[in-house]
Amino acid sequence: MSQAGPILFVSNAERPAFIAALDEARFFPVIDTSWAGAVRAVEEVQPAAVLAAMHTGHEPHLAPLAKKIAEQSPYLPFVALDAAGALPHNALPFSSSRAGHSERLIARLRAALRIRTLHATVLRRLPEVKVALPEADPVRDATVLLIGRGAAYPALSVALGERVGVIGALSIEAAAKHLNTRDLDGVVLAEGFTPRVTDAFLTVLAEDTRFRSLPVIVTAHQLTQTYDLPNLELIPGEPAKVAANALPLIRQHAMEAQLSRTLRSIDAGGWLDPRSGLLTAEAFARDFAKTVEQTLARGGGLSVARFAFDPGNSRAQLDAARILSRLMRQMDFGVAQKDGSVIVVFAETDFRTAHMIARRLSAVMRHTSNGKHEMRSDPVVSVDSLSPSDTARSLLGRLSADASRAAS
């Protein structure tokens with residue numbers, strides 16, 4: 001992995017021994033600066049990452065440094081070592097008190113630098129097509145899986161739900177189901193499980209490449225061994241503190257997902273919406289008209305499903321779009337519409353099969369609660385199939401009419 005720029009180490013104390021491990025891992029040069037000189041050092045050194053030791057004299061300098069780092073482009077990772085209080089929104093927590101901290105720090109930095117490289121790639125390729133990087137804070141679109149069944153669970157659910165979408169699971173089995181069907185930006189493992197169950201769960205996550213870069217926050221156990229999970233962090237304490245210090249890791253993952261979708265959109269010539277992962281409205285209209293024409297000429301089945309959500313719950317539509325872009329078959333395609341609905345086209349599929357697929361997708365959507373109001377995302381689903389006298393417009397028109405009848 002190419003590292004464009006040095007690592008800046010901010011501290012008012014002597015360099016701890018484990019920083020030497022960065023040299024051995026070929027992260028160099030590591031340049032030291034004091035807290036008072038940190039903002040100027042970011043300007044002068046143009047680092048690839050910033051590490052900051054949070055034990056002495058950092059308080060007045062932390063906010064200006066975090067702000068300076070947040071203004072850099074491409075993404076500049078900022079790792080805060082051993083923070084006692086709540087962190088700025090872009091400071092990734094790292095505790096050096098756990099076993100294997102040198103290896104964990106190297107893994108944390110490598111994972112963050114990969115996102116920096118991804119951001120640089122997207123910025124370089126953006127001029128190729130008409131795609132804009134979404135401007136909203138990526139954490140607004142993030143979804144976190146909260147697993148637990150202890151007394152702190154409801155308070156954690158509220159603390160996280162004020163900032164991100166939360167999917168709750170009271171058992172590891174329920175959690176496993178969500179891991180397989182949802183795009184997640186973090187897992188928070190709260191109390192209610194034995195150390196053996198926690199260990200087994202973390203081992204399974206570490207062995208599956210799909211989840212390896214996922215932020216995993218453990219709130220209630222001492223972790224006695226290391227796992228191949230670069231963004232695994234132990235954050236005990238009050239629910240508000242757990243949520244505040246988990247958010248930077250969750251935000252970083254949501255940003256990575258956003259950049260990956262933007263890159264896919266660039267690869268697709270700008271026809272994919274970087275926020276939802278589905279087609280843009282223009283691309284959908286073009287592909288749908290073509291598919292209807294081909295099906296009428298060739299024969300065969302073509303079905304369409306519409307998932308309509310409460311227009312006041314835009315988050316539910318976005319979640320549904322992400323679920324669909326992840327779960328639908330290669331030959332299917334969809335679009336998120338302005339009226340709060342999501343439409344999916346099932347190619348070469350008869351009405352009965354389409355109905356069954358739509359029901360299954362709808363069941364996955366129903367399990368998400370969003371934010372502090374526990375808004376459920378129960379879609380009104382309507383399914384229709386192409387008949388010989390149809391056009392693309394008449395089929396979509398009938399689908400919307402079916403939906404408004406079903407909703408009333």
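This is a predicted model: local features need pLDDT of at least 70, side-chain atom pairs count only at pLDDT 80 or more; totals for chains, interfaces and linings use all residues.

Guide: Helix α8 covers residues 239-267, 29 residues in total, and spans 41 Å from its first C-alpha to its last, close to the 42 Å expected at 1.5 Å a residue. That expected span is 1.5 Å times one less than the number of residues. Helices (H or I, at least four residues) and strands (E, at least two) are DSSP runs, numbered from the N terminus.

Visitor: Where's the kink in α8?
Guide: At Leu 247, shortly before the proline Pro 248, and about 35°. The bend is the angle between axes fitted to the seven residues ending there and the seven starting there.

Visitor: Why is α8 largely enclosed?
Guide: Because 21 of its 29 residues are buried, meaning under 20% relative accessible area with a 1.4 Å probe, protein chains only.

Visitor: What follows α8?
Guide: Gly 269, with a positive phi near 70°.

Visitor: New topic: in what order do the five strands sit?
Guide: β2-β1-β3-β4-β5, in an open sheet with parallel pairing. Strands pair if DSSP finds at least two bridges between them.

Visitor: Which are the edge strands?
Guide: β2 (30-33) and β5 (92-94), each pairing on one side only.

Visitor: And how many bridges join β1 to β3?
Guide: Four. Val 10 stands opposite Ala 52 in β3.

Notes: Residues are numbered from 1 along each chain as its sequence is written. Side-chain values use heavy atoms; hydrogens and water are left out. Buried means under 20% relative accessible area, exposed over 50%, partly exposed in between (1.4 Å probe, protein chains only).
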